[in-house]
Amino acid sequence: MQSSIAHCCSAEEARPDPPSVQVAGWRGKALAVDGDPGNLLLLQRMLERMGFAVGTAGNGLEALAQFAALRPDLVVLDVVIPGIDGMEAGRRIRSMSEGDFVPIIFLTSLADEASMMDCIRAGGDDFLTKPLSFKLLQARVMITERFRDLQRTMAASSEPLAELLEREQSEQRLAERVFSRAINSRNVETQAIALMQCSAATFNGDLVLTQGLPDGGLRILMADITGHGLGAAIGALPVAEAFHAMTLKGVEDLQVLEEVNCKLYAILPSDRFMAASMVSICGNGRRLTWWNGGMPSGWLRSRGGLTELASHASPLGVLPQLMPSDAPRVLSVQDDDGLLLLSDGVIEAVDADGVAFGDGRLSQHLQVWPHGGPVFGDLRAAWERHCGSAALVDDAALLELAIGPSPLDSAALEVGRAWRGGWRWSVELGSDQAEGLFPLKTALAPLGLLDGLDRQAEVLEEILSQLCEQHGGSMRRSGNPAVSARHGGSLKVLIQFDPLPHGGRFVIQASGRLSADAWRSGRSCSGPANGLAGGLEAFCHSVRYDADKGMIEAHYLW
């Protein structure tokens, strides 16, 4: 049953305002909704008298259509209307307002508390009981208009703030690109590494650094600075500088860690630190040196199974000096072994229901990780499916390294440059010129390259002679043929000297066409070679063979 509206106003109140004062619609647009035509007409007259241009609707569906067409500034809506009732119409109108505050006043014949709460839950901002008083309607309209005008004023004042925030975010994105380029530009690239990095903010607080060692090996640092965003990433610059510079010089792992620790202890606040994992693979791919200070366990997949590289040291930047027990550890590795490193953001990432990826899901992939095969692709896909569209709570990094005899190509080394005080010498010889290479000091001494290296000169010559023998024929000083017929073509020799803090290093490389027989003899390195006990691999720090490039390279340190 439709309830009537009693227009309780005096003759003075009912009299229209003078035309010079009242302009139709000066107050905005209003939508009046009532199922009774008489009540709807009276409600329309009231709102027009208040200064509104009024649209009307007699049922719920018509109310929705009129709201979409008029986009009114006020809605007065009877609870009991045909079709969609007033409550449901109010909910839909509220959702259609698209963030713009449009006051909704419900009209109801019920005055109990439950009915009042139903009106509020349905999106109403106020309500009036019938019979309706013009004065009360006018008062309610004035109150809701104040709220509407305040909301619109706040929205307008927030626009400059939104522009300022957008400008700041744009500047942060630009700074992040410059920042990332400064940190990552010196990283070496190799197909042996698969890497994923995801950030929870513009700046990534998870740091991944890679650099080649002078012996052709590879060093990797994965670190997680406390927190995320710019505050976490700012400490990455000095870490990256120390890591790259010291790794290229062949500085030992412990010295690199000590230097990074000192830098972070000096610059970071007392409540900040850097958890880190560092791994070094020597040039022949047979020795792995690892250190873990506060990071999730790394994993080594060898032919014998899984080896956990668990945290055994304090994070960097906590103490002024590393503890004696924090020394790096060493493992023997073989071709086709695999290394997996990850940050805690991988394990702690949650799905839409707040469930973490967790150690359990990680363990499932580790258990089926085949020796000689990858785990990165399946693990990353599972992690991304788990996270879905959920926002990251922390930065995440995941890295897999396929271990082999040559982590880096020679091109990844510092080709074309020598360290201060060092030198590089190279020569290309035809098959009939090889005998002229020996004795080597006749070529290097006049250039001053052997000054202060008298003790090492004979060792250098012995190593080079053996490299050339491995490459296809006897080139020794004893007078044997310089290059056997099976080798053919030219021979390129490169010698590089790098001074080190407590000694030095020779890098000796022989390259050219390498026969299958020469490759097999060099690869096996079986027994002493011409008096050099234990062969090249026993005498040198590392030896690298590359059959495809026809190259043998030895590193001798003292």
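**Cavities, pocket and sheets of the predicted model**

One cavity of 30 Å³ or more is counted in the structure. A cavity is defined on a 1 Å grid over the protein atoms alone, as a set of points where a 1.4 Å probe fits but cannot get out; a pocket is an open set with protein on both sides within 12 Å along at least five of seven lines, and lining residues have an atom within 4 Å of a point. Grid points are joined across faces, edges and corners, and a volume is the space filled by probe spheres set on the points. The structure is a predicted model, in which local features need pLDDT of at least 70 and side-chain atom pairs count only at pLDDT 80 or more, while totals for chains, interfaces and linings use all residues. Residues are numbered from 1 along each chain as its sequence is written, and side-chain values use heavy atoms, with hydrogens and water left out.

The largest cavity holds about 30 Å³ of space. Its lining consists of Asn-261, Ser-314, Pro-315, Leu-319, Gln-321, Leu-322, Met-323 and Asp-326. By class, four of these residues are nonpolar, three polar and one charged (Ala, Val, Leu, Ile, Met, Phe, Trp, Tyr, Cys and Pro count as nonpolar, Asp, Glu, Lys and Arg as charged, and the others, Gly among them, as polar).

The largest pocket has a volume of about 460 Å³. It is lined by 26 residues, of which Gly-250, Val-251, Glu-252, His-541 and Leu-557 are the closest to its centre. The lining of this pocket comprises 11 nonpolar, eight polar and seven charged residues. At least two lining residues come from each of helix H9 (253-267), strand S9 (274-281), strand S10 (287-293) and strand S18 (503-512); helices (H or I, at least four residues) and strands (E, at least two) are DSSP runs, numbered from the N terminus. Domain 2 (186-402) and domain 3 (418-557) each supply at least three residues of the lining, with domain bounds taken from an automatic or database domain assignment.

An open sheet is formed by five strands in the order S2-S1-S3-S4-S5, with parallel pairing (two strands pair if DSSP finds at least two bridges between them). Strand S2 (52-57) and strand S5 (126-129) are the edge strands, each pairing on one side only. Neighbouring strands of this sheet are turned by 20 degrees against each other on average, direction ignored. Four bridges link strand S3 (residues 74-78) and strand S4 (residues 104-108) in the parallel sense, and Leu-77 stands opposite Phe-106 in S4. Helix H2 (residues 37-49) packs on the sheet and touches strand S1 (28-33), S2, S3 and S4, its direction making about 165 degrees with that of S2. Contact means heavy atoms within 4.5 Å; axes are lines fitted to C-alpha atoms, for helices over the stretch in contact, and angles run from 0 to 180 degrees between N-to-C directions.

Another five strands form an open sheet in the order S6-S15-S14-S11-S12, with antiparallel pairing. Its edge strands are S6 (193-198) and S12 (305-309), and the twist averages 10 degrees from one strand to the next. S6 is joined to S15 (residues 396-402) by six bridges, and Met-196 has Leu-398 as its bridge partner in S15. Helix H12 (residues 376-387) lies across S6, S14 and S15, at about 15 degrees to S6.

Two backbone features lie in loops. Lys-130 and Pro-131 are joined by a cis peptide bond with omega of about -5 degrees, and Pro-131 is in the loop between S5 and helix H6 (134-184). Arg-71, although not a glycine, has a positive phi of about 50 degrees.
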